[in-house]
Amino acid sequence: MAKRVAVTGAAGQIGYSLLPRIAAGEVFGPDTPVILQCLEITPALGSLEGVRMELDDCAFPLLEGVVCSDDPRVAFADADLVFLVGSKPRGPGMERNDLLRENGPIFIGQGQALADVAAKDVRVIVIGNPCNTNCLIALNNGRRIAPGQWSAMTQLDHNRAQAQLAGKTGSLARDVKNVVIWGNHSNTQFPDWTHATIQGKPAEGQVNDLPWLQGPFLKTVQERGKAIIDARGKSSALSAASAGIDHARLLMNGTSKGEWTSMAVVSDGSYDVPAGLLCSVPVECPGDGTYRIVKGLEFQPFGREKFDASVKELVWERDTVKDLLGS
Ligand code: NAX
């Protein structure tokens, strides 16, 4: 049976890199057909039609259909997996506060529509920024869907941290395991190397340069999005779509034994994060669409302080959109 995968903002840059990879079977594997259900705002439907034509022209063996709509109830109907990518970009002079208030309402309507028409065991991954709080808004307005079925993406930050550690030590990204992104998908996040290994040995010892880890490494991961914009004139899209594929694949097919990834999920109060907040933590995925928060990791004071600052920002974001969280 084909899996129905909905993507919002499907005519945008991330959508353009994400759709072909889903259609090629990179989430559900080479034996599972997919139907893509694309949502866009009405003015972008023409451009979305061009994307549909290109998807047709790829003649993907696994692609059994493409739905294009500006109605969330059409795009989300019976969806098994949903990527909420579409949102308004941060414009010149806009503060984080303005972005939250601009994009929040999108996630009210989409959360309600998902609860009404998506498959019962749908999994929803929020990529559109500010993704932690947008996810919080959507899940609070779509409560028929259990909190454990929602997550927001910090996989890109996770991959960036892996790549930086690999570059510094002359190893490959695949040799680096168990970094953690703690907190918000923003420049307050704490990319944590203290539990990471490189070829099975502690990363901190392999790097052997604590000032680099606490300085340039941290800043590079936190501010990579801006560096990409400065270099490319556009925000990260290829790497963001790739991280979206990684996030979904790990959720659906599982993390390897002894390994974890980072996802922003509903806090159960562990690590002193207020329960209910959408916060990035390490998770293990058994491979059935569920995750377990990895418990009991210890912080050094440096990391705890950074993580606390990011949690504080998340609390502020939640309070800023309190009126959008439903009753
Ligand atoms: P684009 O501006 O290229 O595309 C966004 C698309 O969303 C547009 O086609 C727009 O028409 C559509 N859209 C707007 N409102 C919509 C709505 N209500 N329903 C459906 N579609 C709607 O942006 P793109 O580069 O694709 O980025 C999309 C989002 O991802 C942005 O919010 C961006 O900030 C966020 N990102 C998140 C990342 C993460 O790691 N979580 C990293 C990359 C990216 O910055």
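Buried means under 20% relative accessible area, exposed over 50%, and partly exposed in between, with a 1.4 Å probe and protein chains only. The model is predicted: local features need pLDDT of at least 70, side-chain atom pairs count only at pLDDT 80 or more, and totals for chains, interfaces and linings use all residues. Residues are numbered from 1 along each chain as its sequence is written, and side-chain values use heavy atoms, leaving out hydrogens and water.

**Exercise 1.** Classify the accessibility of Glu-26 and describe its salt bridge with Arg-21.

Solution.
- Take a salt bridge as a side-chain nitrogen of Lys or Arg within 4 Å of a carboxyl oxygen of Asp or Glu.
- The closest N and O atoms of Glu-26 and Arg-21 are 2.8 Å apart, and the two residues form a salt bridge.
- Glu-26 has a relative accessible area of 32%, so this residue is partly exposed.
- Arg-21, at 25% relative accessibility, is also partly exposed.

**Exercise 2.** Which parts of the chain does the pair Glu-317 and Arg-96 tie together?

Solution.
- The side chains of Glu-317 and Arg-96 form a salt bridge, 2.5 Å from N to O.
- Glu-317 belongs to helix α11 (residues 301–320) and Arg-96 to helix α4, so the pair joins parts 221 residues apart in sequence.
- Helices here are DSSP runs (H or I, at least four residues), numbered from the N terminus.
- Both Glu-317 and Arg-96 are buried.

**Exercise 3.** Locate the salt bridge of Lys-295 with Asp-268.

Solution.
- The closest N and O atoms of Lys-295 and Asp-268 are 2.9 Å apart.
- Lys-295 is in the loop between β14 (292–293) and α11, and Asp-268 in the loop between β12 (261–266) and β13 (278–284), 27 residues apart.
- Strands are DSSP runs (E, at least two residues).
- Asp-268 is partly exposed, at 43% relative accessible area.
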